[in-house]
Each structure stands twice: as structure tokens, then as C-alpha cells.
Amino acid sequence: MLRFWQYYLHMIRFISILVLYFTEMRIKFLYFLFLLAVWLSLPCAVFSQAIKFDYYQGLIYLKVVVNDKDTALFLMDTGANASAIDNTLADKLKLEVTKKDTVEGMAGKMLTEMVVLDKIGIGKAYVNSLSVTKQDLSHMIAPGNKKVSGILGTDVLKHFTITLDFPKHEIVFLKIKLRPNNAGLRYLPFEMDNGIPRIKVTINGTVTTYLRYDSGASLASTSKLYINVPGDIYKKLKAADSTLKPHEYLTATGIGGDLKLPVVTIKTLKNDNGNIDAKNVEMIVQPGQGYFARPDAVGFFSNNLLEKFGHVAIDISSGFMILGSGTL
């Protein structure tokens, strides 16, 4: 009897190992198919190396080399059309101020100085002669005890196709363009709004609007899907469905101070080609302050949405994202 139970336990362990192995192999195979599909969509198969990134509070942090001298932690922010460098690092590099400009944030505006970086590098990828804002970034959240020394905006990202592997926390910068229609891929078209990508969506089947992709918008890890919209979009939705109302409030910190943001559950969120098709989405309503005081203001989504697909390829200059095998 003892031998039988020993045999039984060994079989259970063996089967468990097989399940884990084939599960892992399936994940690796799906990622291989994703990379193959991206490869087929590219005019040439020239790849850079995969770079590890820190993923914290839904934000992507990369090691960046500035002027071939200092390696610093930068936040990848598709919601910023201009990159930035922290005052401390800019002073250390003795960067001269070229002019002053105004930066508009979620909760207000501030005056900032502009400096020029001779070169900014991420792995083998680099951009020369880049004009960036000089700011105090000491308030920004960062993983562990690290300090954010810069923001990597779309003025850098537009020079590359980037692939994001959210499970592995890896990013690749490719000096090539996507051609999504050639490989029958699941793709997400977008247009540029003042240097920031945005997609067209319909909420609850009644209100059509745009959502920017803002990878600099922080959100704690959650299985729920969140989007952000201006107050007038909420008013239109409420006019079509009077039962809509906030079920909680979140606190957000931005340029100008803290904000209390109502959260409303919407029934559906869809885009034109059907590759965004989600139900029971949490919608954060932004007050009419800062950028959202503008009549042309639109909402946004963050990495909270893209991470659900597992793997994503983004070509800002071509206006396409390729989505992995995950679902919303």
C-alpha cells in the first residue's frame, strides 16, 4: 500500500511538472508568434537588443545615457510630447538654458527652461541634438529608492518602433516602420494629437470620443481596466443613461496640486476595428482644470490597458500598434 501511494505521489509531481512545462512553452510560443508577426510586418529584420525596464505603479522606467556621460533613470511617457531632464542632472552636465517655455499638466501650468542634449541613448538606440525641458522631477514616484532624472517623451520615441514585453519587463527599440496590414495582425490605429497618440472609441454604444495613450499615467496593478475622460464626456453619457454615478473617488497628484477624481463604471468600450472591445470598464472623470479645461481636451488610457495584451509593438511615426494575444 505504501509503494502505491509513493508511486501515486511521484505521478502527481511528474504531471505537475509537465503542466508547468507546457504552460511555459505555450507562453513562449505565443510570444514567438507575436515577434514573428511583428517581424513579417517590418520592411527589414533589423533588431536591437532587449532592454530590461522597471515596471512600477503601471509606469515604465529605463536606464538612459545622457551625452555619453551619465546613466540615469528616465520615465517613458507617451503623454509628453517633449522630453525632460531633472534640474540636478542638467546642472551636473552644465547644460545651458536656450529659452523658456510653458508646460501644461493635468492640474495647471508652469514655466520651465529648455536645454539641449547632444545625445540621448537607450541601449543601442540613440537620438542626437534633442531640445528638452529642464524641471524639478524630485516629486515623481520611482521604484525602490531610485530617483527619476528624466522623462522620455514622444520626441524621442517617434524615431523608433518599440516592442513592449510586459510579462518579462523588456523593451526593444527598432529603427524600422510597421506595416500591419501585410501580416493579418491584430492592430490598433491611432492619430497624433499635439505629438501624443490617440485612438477613437465609443463608450456605452452612445458617445464617440478620443483617448490619448499616456504611458506616464500611474495606476496600481489591477485586473480592472481603467480609462480617463473629461467631464463633458461624462455629462453626455449621463444624459443617455441617468443611472450612471460615481462609486468611488481617487486622489491624483499633478502639476498644480492634488485632485479628487470620481470613478464611474461603464458598460462597454469599443474602437472602430473591434480590437478594443471591453465590458465593465472603470472610467475616471477628470475635472475641468489644466489641460482638461480646454474645449478640445480628450481622455486617455495608460499601460493599464496595453499590459492586458502582454506584448505590444508601437510605431508612432506610422500610427499603428500591434497587439499581442492577451484580452481585455
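**Notes on a predicted model**

1. Start with His159. Leaving aside neighbours within four places in sequence, His159 is in contact with Val127 and Lys175. This is a predicted model. His159 sits in the loop that runs between helix 3 (154–157) and strand 10 (161–165). At 34% relative accessibility, His159 counts as partly exposed. Its C-alpha atom is separated by 8.8 Å from that of Leu174, 15 residues apart along the chain.

2. Now the overall layout. The protein chain holds 5 helices and 22 strands. It has 328 residues, and 48% of them are buried. Take the contacts with a separation of 6 or more: 64% of these join residues 24 or more positions apart. The accessible surface of the chain comes to about 16800 Å². Carbon and sulfur atoms account for 55% of that surface.

3. Next, the interior. In soluble globular proteins, nonpolar side chains tend to be buried together. Here the largest nonpolar core has 63 residues. Which of them touch the most other members? They are Leu62, Ile85, Phe173, Ile227, Met283, Leu306 and Ile314. A second, separate core has 7 residues, including Leu219, Tyr226, Ala252 and Leu261.

4. Setting aside residues up to four places away in sequence, Ile314 touches Phe160, Thr161, Ile162, Leu164 and Leu178, among others. The list also includes Phe190, Tyr213, Leu306, Phe320 and Met321. One of these partners, Leu306, is itself among the core residues that touch the most other members.

5. The volume of the largest cavity is about 30 Å³. What lines the largest cavity? The lining consists of Thr78, Leu157, Ile162, Pro197, Tyr213, Ile314 and Ile316. By type, these residues divide into 6 nonpolar, 1 polar and no charged. Ile162 and Tyr213, both in the lining, are also contacts of Ile314.

6. Tyr226 belongs to the second core. Tyr226 lies in strand 16, residues 226–230. Is Tyr226 buried or exposed? Its relative accessible area is 10%, so Tyr226 counts as buried, the cut-off being under 20%. The C-alpha atoms of Tyr226 and Glu282 are separated by 4.7 Å, although these residues are 56 residues apart along the chain. Glu282 is also a contact of Tyr226. Further contacts, not counting residues up to four places away in sequence, are Leu219, Glu248, Val263, Ile284, Phe301 and Asn304. Leu219 is another member of the second core.

7. Ile151 is found in strand 9, residues 148–152. Its relative accessible area is 10%, and Ile151 is buried. Which residue has its C-alpha atom 4.7 Å from that of Ile151? It is Leu75, 76 residues apart from Ile151 along the chain. Leu75 is also touched by Ile151.

8. Two backbone points are worth checking. Most residues other than glycine have a negative phi. Gln57 is not a glycine, yet it has a positive phi of about 55°. Where is Gln57 placed? Gln57 is in the loop between strand 2 (54–56) and strand 3 (59–66). With 32% relative accessibility, Gln57 counts as partly exposed.

9. Lys94 is the other case. Phi of Lys94 is near 55°, a positive value in a residue other than glycine. Lys94 is placed in the loop between helix 2 (87–92) and strand 6 (97–104). Is Lys94 buried or exposed? Lys94 is exposed, with a relative accessible area of 71%.

Note on methods
Residues are numbered from 1 along each chain as its sequence is written. This is a predicted model: local features need pLDDT of at least 70, side-chain atom pairs count only at pLDDT 80 or more; totals for chains, interfaces and linings use all residues. Side-chain values use heavy atoms; hydrogens and water are left out. Helices (H or I, at least four residues) and strands (E, at least two) are DSSP runs, numbered from the N terminus. Buried means under 20% relative accessible area, exposed over 50%, partly exposed in between (1.4 Å probe, protein chains only). Contact means heavy atoms within 4.5 Å. Accessible areas come from the Shrake-Rupley method with a 1.4 Å probe; for residues, only the protein chains shown count as cover. A nonpolar core is a set of buried Ala, Val, Leu, Ile, Met, Phe, Trp, Tyr and Cys residues joined through side-chain atoms within 4.5 Å. On a 1 Å grid over the protein atoms alone, a cavity is a set of points where a 1.4 Å probe fits but cannot get out, and a pocket is an open set with protein on both sides within 12 Å along at least five of seven lines; lining residues have an atom within 4 Å of a point. Grid points are joined across faces, edges and corners, and a volume is the space filled by probe spheres set on the points. Ala, Val, Leu, Ile, Met, Phe, Trp, Tyr, Cys and Pro count as nonpolar, Asp, Glu, Lys and Arg as charged, and the others, Gly among them, as polar.
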